[in-house]
Amino acid sequence: MTDSNGQILIATCAHDAPCLNRTLTDTMARLLAKDAVIDQRWLCEGEAWELKFVAQADGGAHVKKQAKTATIGLPVDINIVPDEGPRRRKRLLLADMDSTIIQQECIDELADAVGLGDEVASITERAMQGELNFDESLRTRVALLKGLSSDVLEAVLGTRISLMPGARTLVETMKEHGAFCALVSGGFTIFAGRVAEVVGFDDHQANVLEIADGTLSGRVVEPILGQEGKRDALTRFAKELNIPLGDTLAVGDGANDLGMIAAAGLGVAFRAKPVVASAARVSLNHSDLRALLYLQGYGREEFSG
C-alpha cells in the first residue's frame, strides 16, 4: 500500500563494513511521530534499513537532516525516496562506467602506463568536477596518447581494471526482475565492451579511439559521447523499450552524468564529485553498488549473483 505523501528513508552502508544496528534504527524511527510511521524493516541487517513515513510539507528534508546527524561519524548514507509502490523498482538502468561500475578511470590508467599519468589525471579530475568542457578535455587527453601501441589497451584492460563492489549483483538482480541494463560511458568502447560483457549489461555505448597501424592516432572518433549524449541515450532507450522516464534509474559520478541523473526517475550520484552530489536528490558516498537495489526496495534475499 502507498500513501500519496509517503516517503521512504533508507540508511545504507558498505557490504564489507556493516555498521547499522537497532540502537541507530530506533533512534531514527523516533524522529517521527508514531502516527507518521507507516512501516520499517531491515533490507539486510547491519547493512540496509528503511523507514516508510507520511511526510510533512518539506517532503522529509528535516527528518533526513536529523537522521544524518544521528549517524554522524559513521560510514552511513541517508537518503529519502518517494513511496511509489511497484514502480519503485526501475525497469531501465543506465550506468556510467569509469569510477562507477569500475573503480578506475580508464584514460588515466592508459596515461599512467606510459608515464603521463599525473598530467592526464589532472585534466580528468577537472573535467569530472565540471571545471572543463568534457568534449574538449577528452580531445586533449587523447591527443597526449598519440603513438601509443594498441597492445597497451589490452594490457591495461587485463591488469589495471577492477569492478566496483556490487556491480554484478546490481545488474544481475535487476535483469532477473525484468529490467534492461545499459552501460553508457564517456570512456572507450574497447573497455566498455569488455566490462559490459563481464558484468552482464544488455547494451553498451562509449567513445571510439581512432587506431591506425596498431597505434593510437591521438584522435577520438566524433561525435563525442558526453553529457548530452548520455541523457539522449536514456531517453532513446526508454522510448525504444516503451518505459516511462519515471521508471528509469541512472547512476554516475562525474559532471558528464548530470544530464541523465536529472532526467531519470531515480538519479543517483555514486561516490561523486561535489558538483554532482549537490545536484542529485540521492547520493551514495559510503555504500557500494548493492545500495542501488536497496533504494529500490530489494531485500538481500532477492539478490542474484
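**Pockets, sheets and cysteines**

Colleague: Let us begin with a pocket: what volume does the second largest pocket have, and which residues lie closest to its centre?
Modeller: Keep in mind throughout that this is a predicted model. The second largest pocket has a volume of about 180 Å³. Its lining is made up of 14 residues, and the closest to its centre are Lys68, Asp77, Ile78, Ser283 and Asn285.

Colleague: Which element gives the largest share of the lining of the second largest pocket?
Modeller: Helix H2 (61-70) and S4 each supply at least two residues of that lining. By class, the residues of the lining divide into five nonpolar, five polar and four charged. The largest share, three residues, comes from strand S4.

Colleague: Turning to the largest pocket, which residues lie nearest its centre?
Modeller: The largest pocket has a volume of about 220 Å³, and its lining has twelve nonpolar, two polar and four charged residues. Of the 18 residues that line the largest pocket, those nearest its centre are Gly265, Leu266, Gly267, Arg281 and Val282.

Colleague: Which elements give two or more residues to the lining of the largest pocket?
Modeller: One of these elements is a helix, H11 (258-263). The complete answer is strand S4 (77-82), helix H11 and strand S11 (266-270).

Colleague: In the open sheet of four strands, which are the edge strands?
Modeller: The order of this sheet is S2-S3-S1-S4, and the pairing is antiparallel. Within it, strand S1 (residues 6-12) and S4 are joined over six bridges, and isoleucine 8 stands opposite valine 81 in S4. An edge strand pairs on one side only, and here the edge strands are S2 (37-44) and S4.

Colleague: And in the open sheet of six strands, which residue in S10 does alanine 95 stand opposite?
Modeller: The six strands follow the order S7-S6-S5-S10-S11-S12 with parallel pairing, and the edge strands are S7 (203-207) and S12 (282-284). Neighbouring strands of this sheet are turned by 20 degrees against each other on average, direction ignored. Strand S5 (residues 92-95) is joined to strand S10 (residues 248-252) by four bridges, and the residue in S10 opposite alanine 95 is valine 251.

Colleague: Is cysteine 181 buried or exposed?
Modeller: A residue counts as buried when its relative accessible area is under 20%. Cysteine 181 has 0% relative accessibility, so cysteine 181 is buried.

Colleague: Is asparagine 242 buried or exposed?
Modeller: Asparagine 242 is found in the loop between helix H10 (227-240) and S10. A residue counts as exposed when its relative accessible area is over 50%. Asparagine 242 has 64% relative accessibility, and therefore asparagine 242 is exposed.

Key. Residues are numbered from 1 along each chain as its sequence is written. This is a predicted model: local features need pLDDT of at least 70, side-chain atom pairs count only at pLDDT 80 or more; totals for chains, interfaces and linings use all residues. Side-chain values use heavy atoms; hydrogens and water are left out. On a 1 Å grid over the protein atoms alone, a cavity is a set of points where a 1.4 Å probe fits but cannot get out, and a pocket is an open set with protein on both sides within 12 Å along at least five of seven lines; lining residues have an atom within 4 Å of a point. Grid points are joined across faces, edges and corners, and a volume is the space filled by probe spheres set on the points. Ala, Val, Leu, Ile, Met, Phe, Trp, Tyr, Cys and Pro count as nonpolar, Asp, Glu, Lys and Arg as charged, and the others, Gly among them, as polar. Buried means under 20% relative accessible area, exposed over 50%, partly exposed in between (1.4 Å probe, protein chains only). Two strands pair if DSSP finds at least two bridges between them. Axes are lines fitted to C-alpha atoms, for helices over the stretch in contact, and angles run from 0 to 180 degrees between N-to-C directions.
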